[in-house]
Amino acid sequence: MQIIRDESSLPSLTKSVVTIGNFDGVHAGHAMLIKEVVSRARQGRLVSVVATFEPHTRTILKPDAPFLLLSSFEEKARLIEALGVDFLVCLPFSARYSQMSADRFVAEILIGRFHAVELVLGEGHAFGKNRAGDKNFLHTAVGKNHFSVFVANLFAAGSTVISSSLIREALISGRMND
């Protein structure tokens, strides 16, 4: 896996299958999503890309709220590499990114930088200013940008949907078994 921490050093990608997110902790739900990216990329003889942010988006969007990071970037990279990803791209999250519209993110990052032919996202994921880049937005953006979208169902253990927020809450509350 090639790790890109500087956008300007991103090699020219021809066609890729991409997922984006913080991927804090790389839990079972994240692993399922990333495996889907790798599988779809291999089937289409494309490049698999996981795009993540540093610092975590919450530290910019809610700077005064207490926040527990589940994994360091190095831990996250090691876990993602074990899933067979070709490129891990760390986008420097800043006020600029937080104000970027979903349309602009698709045009400049997904299409312009990654040459995405497919985007794989979890059911509840959204990106762009005010989280406007949700699955409904993407289904309308597909036609004009010539890429496809695969929305994965949320990963659940029994009736509990696995999420970084849920894991973080359990750790803070001392519920290690959870």
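The model is predicted. Strand E3 spans residues 47-54 and pairs with strand E2 and with strand E4. The largest pocket has a volume of about 1200 Å³, and the second largest pocket has about 160 Å³.

**Strand E3 and its neighbours**

- Seven of the eight residues of E3 are buried, so the strand is largely enclosed by the rest of the structure.
- E2 (residues 16-20) runs parallel to E3, and five bridges join the two.
- In this pairing, Ser16 stands opposite Val47 of E3.
- E3 also pairs in the parallel sense with E4 (residues 87-92), over six bridges.
- Here Val49 stands opposite Phe87 of E4.
- Helix H1 (residues 28-43) belongs with E2 and E3 to a right-handed β-α-β unit.

**The largest pocket**

- The lining consists of 44 residues, and Gly21, Asn22, His125, Ala126 and Arg131 lie nearest the centre of the pocket.
- Elements that give two or more residues to this lining include E2, helix H2 (57-61), helix H4 (95-99), strand E5 (116-122) and helix H7 (164-172).
- H1 gives the most, with four residues.
- By residue type, the lining of the largest pocket has 17 nonpolar, 20 polar and seven charged residues.

**The second largest pocket**

- Residues that line this pocket include Thr160, Ile162, Leu166, Arg175 and Asp178.
- H7 provides the largest share of the lining, four residues.
- The lining of the second largest pocket divides into six nonpolar residues, one polar and two charged.

Definitions and conventions
Residues are numbered from 1 along each chain as its sequence is written. This is a predicted model: local features need pLDDT of at least 70, side-chain atom pairs count only at pLDDT 80 or more; totals for chains, interfaces and linings use all residues. Side-chain values use heavy atoms; hydrogens and water are left out. Buried means under 20% relative accessible area, exposed over 50%, partly exposed in between (1.4 Å probe, protein chains only). Two strands pair if DSSP finds at least two bridges between them. A crossover is right-handed if, with the strands pointing away from the viewer, the path from the first strand over the helix to the second runs clockwise. On a 1 Å grid over the protein atoms alone, a cavity is a set of points where a 1.4 Å probe fits but cannot get out, and a pocket is an open set with protein on both sides within 12 Å along at least five of seven lines; lining residues have an atom within 4 Å of a point. Grid points are joined across faces, edges and corners, and a volume is the space filled by probe spheres set on the points. Ala, Val, Leu, Ile, Met, Phe, Trp, Tyr, Cys and Pro count as nonpolar, Asp, Glu, Lys and Arg as charged, and the others, Gly among them, as polar.
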